[in-house]
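Here is a quick tour for anyone opening this structure for the first time. Have a look at the picture, then read on.

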Amino acid sequence: MTPTESSNSEFFSLDIGGMTCASCVSRVEKALDKIPGVEAATVNLATEQARVRVKRGSSSLAEIISLVKKTGYEAKESSARGNLDQKNAKSFWAADGLGRVIVSFLLSAPLFLPMFLMPFGIHWSLSGWWQLALATPVQFILGWRFYRAGFKSLMAGAGNMDLLVAIGTSAAYGLSLYILLTSSHAHELYFEGSAVIICMVLLGKWLEARAKQHTSEAIRALQKLWPEHAKVLSADVDLQTNVGIGTDQYRDLPLDQVLPGDRVLVLPGERIPVDGVILFGASHVDESLLTGESEPVKKVLDSKVIGGALNGEGVLIVMAQAVGIESVLSQIINLVEEAQTQKAPIQKLVDRVSAIFVPTVIILALITGIGNWLYLDSISIAILRAVSVLVIACPCALGLATPAAIMAGTGIAARFGILIKDPQVLELAHRLDVVAFDKTGTLTIGKPRMLALLPFDQSFADADQILAAAAGLQLGSEHPLAKALLDSAKAKGVSPIATSSNKGLPGIGIEGVPSSGPFASQTLRLQSVASLEGSSQHDIVLQKAQACFEQGQTVSVLMNVSGQGSEASSPIAVIAFGDELKPNAQSAVDALHALHIRTVMLSGDNLAAATRVGKTIGIDEVFAQIMPGNKAEIIKKLQIDPDGRKHFVAMVGDGVNDAPALAMADVGMAMSTGTDVAMQAAGITLMRGDPTLVADAIDISKKTWSKIRQNLFWAFAFNTIGIPMAALGYLSPMLAGSAMALSSFCVLSNALLLKRWHPKHT
């Protein structure tokens, strides 16, 4: 059972074995839909998996597996990790293994080689009995899988690719056997047709298996990031006194035995086994496969680390906060697997076609056989042309067209930090013409920084001395502006001056007496400008801070209040704070403009501040002083312009208050640096707080959608052209089998071209 559950429903993920085409998918889904309590079920041919949502307490996993097996397919619960590695580790002699392909070609080669020798004037062929001896093991041993699967589908009242292959090859084999037993004309035998069809289908299935393995590389790469063990420190190890940690001070435990709160030792070059916070050490950590960030990230004391990331040069001790299914890595894998299992809406068309495809093909084959028999008066030619129709119409390519592209596209996107969890996004992204950004935390860093320090009189103290005194007043404070001031002092290499007699002044600020520096023994007060109203200093400070206010910044003033009464106080400096733009915010907007997409910004800030940000980075339209609950309404208005034209709108945000707007938008994109609520409401999660990923997400979505359309066009065109050619005798059964195998391989190969995609803007 997957970790994704709700109070009324539970989700199961199953591995389904034995599916060969779109008809199999339809059949399994119908079987699942009939199970009591099943609310929704989706089956994916490319991943060979099913996801089932069941009303809690209605049907157990064992019951679901049992009912699926009754339809003729294998079913088992998907393992929590390593599933794709196990599933794609095909043995040499497996049903889709290379061994069966090689043996089938070795046995069939003497049957079809005479065809290649004839153009050179060499007329040679085996006797009919030798042909029978070589074709029989191919037909009934190597090809037994088609009989078994075809019979099961027939008993279930449905058809699939295996049934078509079994009928077609049996007809060619049976006709040849009849001629052999009743005539001595070996040149009229068609054993090579039935044998080569099986060879080509086996080759096609082997190529499919290999191509599917490549489409799943992204998931397998993520799964391999999981270390099998973790070095858990003993409880009596004191990090304050231990400089070196010996092997006797930790236990090497399996990962599933590590608990939150455990202290984990991570040596240089090892993968971090858990999500947590650094208690000891510093290093650079490679998170590229998790977030798409190409450069190693510096980690120091109290930095958060992600399980699966590669530790660099330093020894780290990490306190585990999330392990197993609660970890970021597990959630990433679940999101990508869920996206690859789900179906894009266009797949519904394919499902409707595949539901009637096999019966229709059998009818067309019968019409072909009867028509050619009546017109040509040759039962052998009629049967061969009917066989060609059966074989070339196998709906493998049709079933693989959409899921193969989704697997490849979502996999390569995940490698670069873009998690596409809703396949519907792929159909909408290419139509986007408006992108709306939340401001705070999306286009801006999301926390206040000191942007300016404007002294009134630098002859008495320079800017660094003023900063040291102001920072000293804020030592120990948890206020966001206090942290911004201390961070600025640290970044400038300024040491805060300790103060005494500190006291907070509710509604005003904080004051204290510096112990050293130019303001030693004087009482300083850091306060808001508004708290100066009514004093003679208010207008002076207001004039100094005017430019800061016009830019929407928050302003504090450092006052010397050593004298008696408010009139005796004098301003030392104006300190401005603001939420700084992300370095690549303008690049993100420029990239969207290059795609001819209009940009919009939604902000709760005042109009002046929001307009300044919008003009700085080139936003087309700014909505300011927007209440959190009104963002969804703005998105709705953007979707329909005053002329009644429909616009497709993407919303990019990171906070709880963005969730309604993300859900309202045609495409929601959430920054992973924000809240879980936002990520749940969005169809795309951006694993880095980098707004340029928005244009990249749209680009890979467009590329994936293009591959889906190309694959579906190829699959439908193949059958539209191939069936009439086979019916008219332009394709022999052997060529039909080769073309059918080639069509599936082409669809998968076309999807794999997505692996060459790279972000353009990051």
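## A mostly covered helix

Helix H13 is mostly covered, with 10 of its 14 residues buried (buried means under 20% relative accessible area, exposed over 50%, partly exposed in between, with a 1.4 Å probe and protein chains only). Among the buried ones are Ser380, Ala382, Leu384 and Ile392. Helices here are DSSP runs of H or I with at least four residues, strands are E runs of at least two, and both are numbered from the N terminus.

## About the model

This is a predicted model, where local features need pLDDT of at least 70, side-chain atom pairs count only at pLDDT 80 or more, and totals for chains, interfaces and linings use all residues. Residues are numbered from 1 along each chain as its sequence is written, and side-chain values use heavy atoms, leaving out hydrogens and water.

Three strands form an open sheet in the order S10-S9-S12, with antiparallel pairing (two strands pair if DSSP finds at least two bridges between them). S10 (297–299) and S12 (310–311) sit at the edges with a single partner strand each, so one side of each has no neighbour in the sheet.

S9 (residues 283–286) pairs with S10 over 3 bridges. Val285 has Val297 in S10 as its bridge partner.

## An exposed residue

Over in helix H25 (residues 693–727) you'll find Ile721. Ile721 counts as exposed because its relative accessibility is 53%.
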